[in-house]
Amino acid sequence: VNAIEVILIVVIFALILVLVWPRLRRPRRPVAPPDARRILLPFVGNLDPTVLAAGIRIARAENAVLVPAYLVIVPLRFPEESPLKAEVEVAMPMLEAVEHAVLRAGVPVDARIEKGRSPTHALQRLWAVEHFDRVVAPAPTDGGGFSPKDLTWILANAPGETLILRPRPEAEAERVRLAG
Amino acid sequence: VRGHYRILLGMAAGVGKTYRMLQEGRQADEEGRDVVIGYLEPHERPETATLAEGLEVVPRLRAPHGDLRLEEMDVDAVIRRAPELALVDELAHTNAPGARNEKRYQDIDEILNAGIDVISTVNVQHLESLNDSVAELTGIRVRETFPDRILDEADEVVLVDLTPEALQERLRAGKVYPRERVEAALTNFFRAENLSALRELALREVAEDVEERRQTVVLDALSRQAITERVLVLVTPEPRSQRLLRRAWRSAQRLGAELDALWVRKPGQELSDEEAISLAALRRLAVILGAHFLEEESDDLVLTVREVSRERGTTYVFVGTPDESRRREVLRGSLVSALVRELPGIDIRVVANRADRQELAP
């Protein structure tokens, strides 16, 4: 084996490696830097797609981790720490869909299910153990959102900047108008 | 032939276990069976004492204990008398020092071995495995306990049930304790929330016992093992483990399986702030889902998973899509292959990130 043959073999191997390597790489997940800002997107029952899209846009613009949090309300007849099978069965597919939408948008996501006696109690529990730089709270809509009372509480107690989103103000105005 | 053992289980004193035991004894007596009272705690309850009238009582053994003269069941006398059925109250009772057996359930065991049927009574708070739960629920640590196997080995376990309100009513009417003790009892052990919790424990215990017996009758141990599913999900303190744990929970629900979440921590591993938050969030999620969160310290992930799977009776192991690079996989071997190799007979499921599915499209 002379020197030219060795060089040829090395070149062929290098070519194979260059051509095949990208195919072998695993799909990369969006990963947040360690000091990334965290944006909380809490919701109860349902999350309006407009609010989710806004949350994704904000997180992308700030290179932040989006934390969609499904708030489970524990009825008073159950102890606070009891497992909540029925409620979680509703929350699970919803949270999964939200998570996929965020990941597909290329934004790092760290979803949560948190529970409490009320939405604000669940939020309080979450804030007690985790830090958030910003809270994006949906205003009331037909399908979900926080009540005006809860929103007032969030504004007064949120540990970071708070953004209240009205997903479809025109629809809400129409509803109010029709209600007389 | 060992005697037939029937245990009457209640949530607390006063629900009517002793009364029921005597009723059953009387009925057997009327049916022509030879019945004796091996030991009865009359608790100074007139109704109970009246019901016991007419049934033969085996004289008790008197044991001096300091200034006291304690009375215990005379096991030998019961066996010598050789009735068909013996009624023995309070199986969790601790005998006086010097007695042949430390506990009354051991006395009962001897009677059963002599071929005599036994009906006995006990409260759920005396069950050994529930000792901690009862202490947490009621704030009272029960000292007289009996092993769970006693219930398992009994031929029948019957719940003597009463609503907490009805029991409190009986208490107020002076049917359980003398009137001077009623107020103290109602504000301590016999609080409605304590009684509700104890009732739930008793109901659950009997329900589990029924299920266990049903399975024992229908299936042998091997086939039972084959159909009882248990899921183990391997988690790490990072956001994607939330999704992994949720997916494993959904599968466990469909399988009707218990769910264990395992984190194998490397010896001396320090967690970053983000990891600590993720770990705490995983623990909270496990509580919400009713999963068991396990933490083990080891250098060898696969070996630890094997050990935990063996201990917990795992039938499914869930792992996330491994992060290892191709080079690492080629050089050190794949985690999934190692799990398949080391966990024969256990299904391994690699949970993909569904959000990656689009990337497969041509």
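Ala, Val, Leu, Ile, Met, Phe, Trp, Tyr, Cys and Pro count as nonpolar, Asp, Glu, Lys and Arg as charged, and the others, Gly among them, as polar. This is a predicted model: local features need pLDDT of at least 70, side-chain atom pairs count only at pLDDT 80 or more, and totals for chains, interfaces and linings use all residues. Residues are numbered from 1 along each chain as its sequence is written, and side-chain values use heavy atoms, without hydrogens and water.

**Exercise 1. Sort the lining of the second largest cavity by class.**

Step 1. Take the lining residues (an atom within 4 Å of a cavity point, on a 1 Å grid where a 1.4 Å probe fits but cannot get out). They are B:Arg2, B:Tyr5, B:Tyr105, B:Ile108, B:Asp109, B:Leu112, B:Arg149, B:Ile150 and B:Glu153.

Step 2. Apply the classes. The lining has five nonpolar, no polar and four charged residues.

Step 3. Find the main contributor. Helix 4 of chain B gives the most, with four residues.

**Exercise 2. Describe how helix 4 and helix 5 of chain A cross.**

Step 1. Locate the helices (DSSP runs of H or I, at least four residues).

Step 2. List the contact (heavy atoms within 4.5 Å). Helix 4 of chain A supplies A:Pro119, A:Thr120, A:Leu123, A:Gln124 and A:Trp127. Helix 5 of chain A supplies A:Asp150, A:Trp153, A:Ile154 and A:Asn157.

Step 3. Classify the contact residues. Five are nonpolar, three polar and one charged.

Technical notes:
Chains are lettered from A and ligands numbered from 1 in the order in which they are written. Axes are lines fitted to C-alpha atoms, for helices over the stretch in contact, and angles run from 0 to 180 degrees between N-to-C directions. Helices (H or I, at least four residues) and strands (E, at least two) are DSSP runs, numbered from the N terminus. On a 1 Å grid over the protein atoms alone, a cavity is a set of points where a 1.4 Å probe fits but cannot get out, and a pocket is an open set with protein on both sides within 12 Å along at least five of seven lines; lining residues have an atom within 4 Å of a point.
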